[in-house]
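Here is a walk through one structure, taken a piece at a time. Keep the viewer open and follow along.

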Amino acid sequence: MIPVDQFYVAAEGPPKQGDLLFASVVRLVADDRFTPPAWSRLDAYDVTIETQDDAPDLRLMAGPALVMVASHDCHFDKEWNQRRRTLIREGCQVDEAERIASADPTLDRTFNASPLLRPDEVGRDRRALLDGKILGYLPVPASPDGIVPEAVVDLTYRVTLDRRAVHRVASVSEAARAQLRYALAQLDSLRATKVGFDLEHAVGRRINEVSIPQERPLFVRLHLDDGTNLDLLQQPDEPGPGPARQAWGDPAA
C-alpha cells in the first residue's frame, strides 16, 4: 500500500480517475436475491420494479457507498473536446466555444466507479489484500481527515454513475492513479498478479515502486531495488481538455 502522505492530494479541478466519491451503487439480482458476502453492506435497499407487457420484474439491490472512479480521464472530456473543436471550426472563439460546450446538457456525464470495502469484509487474507496481491482489489489507506477508512477498492464491482449525483471526498496522487491503472490492467486484460514478477525476472532486479514522472507523463517509471529506474512508454491519450470547467456535482456547469 502507498503511504498515506503519498496517496492523497488536494481535491480540486475537473473529475479525475482515482477520485474518491460518496455515491450510490446498484446491481440487478435474480429472484433469490443472491448477494456475495463481501457486498452485503452495500445492499441497503431491496427494490422491485414492476414491468409491463409480461416482461420479468426488475430486482435491484442498492445502497450508499464510497467509490473510486475507474474511468480514465479522457472519458470525461471526449465529447466536450469534440464539441469544442466543432464550434471552433464553425467560427467560434476559443473562450466562447468552451463556454458553450460546458453548458451543453446533451454531453455525456456518466462514468464508471467501484465501491470501497473494509478488508475484513472481503473474506481473503488481510495482509495480502493491503499489499495489493489479490487480483481485483486495490488497497486504500485511511485518509488523514477520517472520511475514508482503510479499505480496498473492489474492481470486480463496476457501476455507472452521473457526475451530478455524487460528491467528491478525496483525490489521489499520480502514484496512486498509476497503481489503479495497473490493477485494472491486471484484472481486465492480463488476468494475473504476477506481471511484476515477470518483469523482475526480465530485468533481474526487484521493483520497489511504480510512478509516472511529471517531466515525462507518457512514461511509467519502475524504481528498482539497486537505485536505478526503468522507463516504459505508455500509449498516448487523446488531447487533454482546455481550462478546468466542471467540478463534481456542479449543476451549473
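Predicted model: local features only at pLDDT ≥ 70, side-chain atom pairs only at ≥ 80, totals over all residues.

Residues are numbered from 1 along each chain as its sequence is written, and side-chain values use heavy atoms, with hydrogens and water left out.

Let's begin with strand β9, which covers residues 167-172. Strands here are DSSP runs of E with at least two residues, helices are runs of H or I with at least four, and both are numbered from the N terminus. Five of the six residues in β9 are buried, so the strand is mostly covered; buried means under 20% relative accessible area, exposed means over 50%, and partly exposed is in between, using a 1.4 Å probe and protein chains only.

Who sits beside β9? Two strands pair if DSSP finds at least two bridges between them. Strand β1 (residues 8-9) runs antiparallel to β9 and is joined to it by two bridges. Look for Tyr8, which stands opposite Val172 in β9. Strand β2 (residues 20-28) also pairs with β9 in the antiparallel sense, this time over three bridges. Here Leu21 has Arg168 of β9 as its bridge partner.

Now for the nonpolar cores. Such a core is a set of buried Ala, Val, Leu, Ile, Met, Phe, Trp, Tyr and Cys residues joined through side-chain atoms within 4.5 Å. The largest one has 24 residues, and those with the most contacts inside it are Val25, Leu42, Val67, Phe111, Leu117, Val152 and Leu161. The elements that give it two or more residues are β2, β4, β5 (110-117), α5 (126-130) and β8 (159-162). A second, separate core has 22 residues, including Ile2, Tyr8, Leu116 and Leu180. Tyr8, then, is a member of this second core as well as the residue opposite Val172.

On to the charged side chains. A salt bridge here is a side-chain nitrogen of Lys or Arg within 4 Å of a carboxyl oxygen of Asp or Glu, and by this rule the count comes to 14. One of them joins Glu98 to Arg84, with the closest N and O atoms 3.0 Å apart. That pair links distant parts of the chain, 14 residues apart: Glu98 belongs to helix α3 (residues 94-103) and Arg84 to helix α2 (residues 73-89). Glu98 is buried, with a relative accessible area of 12%.

Another salt bridge brings together Glu121 and Arg118, at 3.1 Å from N to O. Arg118 is partly exposed at 44% relative accessible area, and a network of salt bridges links Arg118 and Glu121 with Arg41. Arg126 and Asp120 meet in a salt bridge too, with 3.0 Å from N to O. In that pair Arg126 is partly exposed, at 34%, whereas Asp120 is exposed, at 63%.

Finally, check the backbone at two loop residues. Arg33, found in the loop between β2 and β3 (45-49), has phi near 55 degrees, a positive value in a residue other than glycine. Asp53, in the loop between β3 and β4 (58-69), has a positive phi too, near 60 degrees. Are these residues buried or exposed? Arg33 is partly exposed, with a relative accessible area of 23%, while Asp53 counts as exposed at 75%.
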